[in-house]
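Please look over the sequence and the structure, then read on.

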Amino acid sequence: MRRLLGLFDAQFHSTSRGAIPADVRVLPDRIILVRHAQSEGNVDCDAYTYIPDPQVPLTALGCRQAQEAGQAIRRHMEAAKGANYKLFFYSSPYKRSIQTCMGIRDAFASSQVAGVQEEVQLREQDFGNFQDTEGKQREKAERLRYGRFFYRFPNGESGADVYDRITVFTDHLIRDINAGRFANSTSLVLVTHGLALRIFLMRWFHWSVDQFMSVYNPPNAVPLVLEKVGPHAGDCTWMHTKSFYRLCPDSMAVLKGCTPDMCATHSLPPGARSMDELACLEAHGKSAEEQWAELGGGW
C-alpha cells in the first residue's frame, strides 16, 4: 500500500520472516558519537612524517580527556536510565581512537559493556602514507581551490570517498538495529575522527554537501548524543529507523555551524501529509487507491 504511494516502508527492510514481515526493531536508546581525544598529531603536524597515521597515539592530556569523556557519558546515562543500561562500542582501528575507546570504557563496569568492535570504516580520512609536511601544505591549499569535500589527496581519499564507506557502515548498522541486535536498553558509542563523525551525521540526517561544509569538527573527546524520540504507542511501523533519532540540543550547541533543521530527519517526502494523517487513513482501512485520491494523486 505505502509503496504505491511512493513512501518508505520499514517492513520491507526487516530481516524477519515473510514477504511482509512484522516490525521487530528494538532500537538503541542512544547513539553517542565521540571524536578521539587529543593526539600527538593534533599538537604536532610533523608527527605524521615519522609515525604512520594509524599508529599516532594520544597525548597525556588526551588520555585524561578520554577518561573524562567516559565519566560524562556515565553521568548522562545514569541521569537518563539509572543503572539499567548497557553500552556497545564501535571504534576506529587507529591507535588514538582505540585508546580513547578504552579510556571511556574504563568508566563502566564490565557488566555494563555489551561489546566492543573495531570498525575499519570509521577510520580517519586517508591523507596519503608518511606525510611530507611541505607537500601536504601545498595539497591542502590546492584542496581549498578545488573544494574540500571532493578533493582527493594523492595516494589518499576525498571527503566523498569517506562518505561512501560511512554509507556502507550505516547501512550495516541499520540492519543490525532492525534485526534486534541492541536489545536490553543498549546504547551505542561510536569512537571515530572529526571528519568521519561529521560525515556520519551527514549520512544519518541527509545533509547536503553545502550543509556538511558549514559544520566544523567537534572538540576532541566531547560526546555528541543522538537521543531516541520514538517509537511511541501508535507510531506506524513503516517509519525508517533514522526517523526516531535527533541530535540533542546540548550536542547541537557543541557542533559549530549545525542548525536545528539539520539535527533530525523524517520519513516523508516534501509536501506529504503528516504522519498522523497517514496513520489515520491506514487505521480506517483505506485502500492504496483511496489514499492516493485523498492525498491529491501525488505530492
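In the loop between which two elements is the place of Ser 185? Ser 185 sits in the loop between α6 and β4.

The model is predicted: local features need pLDDT of at least 70, side-chain atom pairs count only at pLDDT 80 or more, and totals for chains, interfaces and linings use all residues. Residues are numbered from 1 along each chain as its sequence is written, and side-chain values use heavy atoms, with hydrogens and water left out.

**Overall make-up**

The protein chain has eleven helices and six strands. Helices (H or I, at least four residues) and strands (E, at least two) are DSSP runs, numbered from the N terminus. Of the 299 residues in the chain, 48% are buried. Buried means under 20% relative accessible area, exposed means over 50%, and partly exposed lies in between (1.4 Å probe, protein chains only). Contact means heavy atoms within 4.5 Å. Among contacts between residues at least 6 apart in sequence, 71% join residues at least 24 apart.

**The loop between α6 and β4**

Asn 184 is also found in this loop, which runs between α6 (159-178) and β4 (186-192). Phi of Asn 184 is positive, near 60 degrees, in a residue other than glycine. Ser 185, not a glycine either, has a positive phi of about 55 degrees.

Asp 29 lies in the segment before β1 (30-35). The C-alpha atoms of Asp 29 and Ser 185 are separated by 6.2 Å, although the two residues are 156 apart along the chain. Leaving aside neighbours within four places in sequence, Asp 29 is in contact with Lys 81, Ser 185, Thr 186, Ser 187, Glu 227, Lys 228 and Tyr 245.

| Residue | Relative accessibility | Class |
|---|---|---|
| Asp 29 | 12% | buried |
| Cys 63 | 37% | partly exposed |
| Cys 101 | 1% | buried |
| Asn 184 | 63% | exposed |
| Ser 185 | 22% | partly exposed |

The structure holds zero disulfides, a disulfide being a pair of cysteine sulfur atoms within 2.5 Å.

**Two helix pairs**

Two packed helices are described by the angle between their axes and the distance between the axes. Axes are lines fitted to C-alpha atoms, for helices over the stretch in contact, and angles run from 0 to 180 degrees between N-to-C directions.

The axes of helix α3 (residues 60-81) and helix α4 (residues 95-105) come within 7 Å and cross at roughly 45 degrees. The two helices are therefore oblique to each other; angles under 35 degrees count as roughly parallel, over 145 as roughly antiparallel, 65 to 115 as roughly perpendicular and the rest as oblique. Their contact is made by Ala 66, Gln 67, Ala 69, Gly 70 and Ile 73 of α3 and Gln 99, Thr 100, Gly 103 and Ile 104 of α4.

α6 and helix α7 (residues 194-205) pack at an angle of about 60 degrees, with their axes 9 Å apart. This makes α6 oblique to α7. Residues in the contact include Val 162, Ile 166 and Phe 169 of α6 and Leu 195, Ile 199 and Trp 204 of α7. By class, the contact of α6 with α7 has twelve nonpolar, three polar and one charged residues. Here Ala, Val, Leu, Ile, Met, Phe, Trp, Tyr, Cys and Pro count as nonpolar, Asp, Glu, Lys and Arg as charged, and the others, Gly among them, as polar.
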